[in-house]
Amino acid sequence: MQTGGHSMPDAWIDASTHHLIIKLSRRPGNNRSFYFHNYPFIQTPDGKGWEMIYYGTTPQDNQLFAVNLQTYQNRQITHLPFRFGGEIIAPKSKTAYVQSRDSVFKINLENGKAELIYVFPNDFHGHIASVNCNETLLAGVWSDPREAEILRRYPSKSGFFNRIYEAHIPHVLFILNLQTKQLQKIDSEDTWLNHEQFSPTDPDLLLYAHEGPWDQVDRTWVINVKTKEKILLHKRSVPREINGHEWWAPDGKSVWFDLQIPRSVTFYIAGVPIAYANGHFIKGKEIRYPITRDEWSIHFNLSPDQTMFCGDGGDSTQVAHAKNGMWIYLFKKNGNQLQAERLADMRYQRYRALEPNVHFSPDGKWVIFRANFEGKDEVYAVSVKRYE
């Protein structure tokens with residue numbers, strides 16, 4: 001069956017790729033899975049399966065939902081009467097952390113109970129973004145109010161992106177201790193900071209980005225939140241070189257990113273081994289896997305066993321200007337090369353309205369993504385296995 005352009009069944013074989021696609025969000029409204037580097041999975045109560053957390057629209061605005069990845073049953077988690085946001089899952093305690101204005105809430109993902117845990121002071125309205133692996137710290141960024149004013153006046157990305165970068169607005173990286181409820185500022189710069197991600201295995205390491213035009217920033221950094229030592233992972237080497245959309249490997253031993261040398265010409269999925277020992281960062285030799293223009297994706301991800309990457313493709317208006325790049329991709333490691341395979345046909349996807357943001361399922365057998373090719377936003381899983 002051809003994927004998209006009309007209403008799809010709950011399951012079908014993509015006619016172009018011969019991979020099985022399952023619709024996960026079997027409920028009314030618009031439904032969106034998380035941003036590619038935000039971990040969305042918790043184990044089922046019996047410990048034998050997995051649920052994935054996502055957002056769905058309701059008459060009371062967006063709420064958190066869960067879908068069982070074995071039975072495809074969906075359940076609503078939250079019924080909060082106010083608008084909130086955040087994609088922070090603490091899988092061990094089955095908790096979500098969300099924010100509404102100046103208030104941070106803890107959500108029990110099994111029963112939906114919400115608990116107010118912190119209110120930012122009037123002079124420091126920060127935004128939380130990540131929880132560490134032992135679930136003791138939240139991390140986030142505070143920015144000078146001038147950033148909010150730029151966003152208010154210029155709400156589209158084309159309007160605010162360069163303006164925020166060029167304004168050199170003060171930003172502060174902070175952590176919030178979940179036991180003591182104490183907030184600590186760990187770094188500050190007069191530049192745009194975002195994309196904060198705690199390591200999946202080291203509770204003290206925080207990945208973050210210097211945001212702005214990618215060919216003008218040395219973007220990808222890691223900081224130790226205890227010692228405050230920080231390190232740049234990739235230094236630009238030629239004019240118009242870019243890297244970005246960074247994320248941690250599942251074992252926390254490397255950081256990966258989209259690399260183009262220069263922009264829109266030569267494309268790689270690249271990674272840097274990184275560790276912290278004896279009070280210092282240890283950075284390994286950068287790894288580069290070349291990919292073609294059509295194989296370039298807005299976001300990539302790495303499988304739990306680290307043998308495969310996936311990508312969400314892109315239309316011709318994106319940075320790669322691909323002529324045939326509208327696919328969900330699988331990349332299998334083969335020495336120092338990648339073997340690419342198309343998983344799902346995305347010809348009807350409106351990328352400018354919704355970027356697919358791929359995730360591997362916890363067992364590595366599915367690539368999960370969000371799409372609008374049926375005319376509204378839904379969440380899907382495509383099998384890594386090909387069906388003849």
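Modeller: In the hairpin formed by β22 and β23, 2 residues lie between the strands, and asparagine 278 takes a positive phi near 55°. This is a predicted model, in which local features need pLDDT of at least 70 and side-chain atom pairs count only at pLDDT 80 or more, while totals for chains, interfaces and linings use all residues. Residues are numbered from 1 along each chain as its sequence is written, and side-chain values use heavy atoms, with hydrogens and water left out.

Strand β22 covers residues 267-277 and strand β23 covers residues 280-283, and the two pair in the antiparallel sense over 4 bridges; two strands are said to pair if DSSP finds at least two bridges between them. One of the residues involved is isoleucine 274, whose bridge partner in β23 is lysine 283.

Strand β5, residues 50-58, is largely enclosed by the rest of the structure, because 7 of its 9 residues are buried, where buried means under 20% relative accessible area, exposed over 50%, and partly exposed in between, with a 1.4 Å probe and protein chains only. With strand β6, residues 61-68, β5 runs antiparallel over 8 bridges, and this hairpin has 2 residues between its strands. Threonine 57 has asparagine 62 in β6 as its bridge partner.

β5 also pairs with strand β4, residues 41-43, in the antiparallel sense over 3 bridges, and there phenylalanine 41 stands opposite methionine 52. The hairpin of β4 and β5 has 6 residues between the strands, and glycine 47 in the turn has a positive phi of about 75°. Strand β3, residues 31-32, is joined to β5 by 2 bridges, again antiparallel, with asparagine 31 opposite glycine 56.

As for the whole chain, 56% of its 388 residues count as buried, and its C-alpha atoms fill a box of roughly 55 × 50 × 45 Å along the principal axes.
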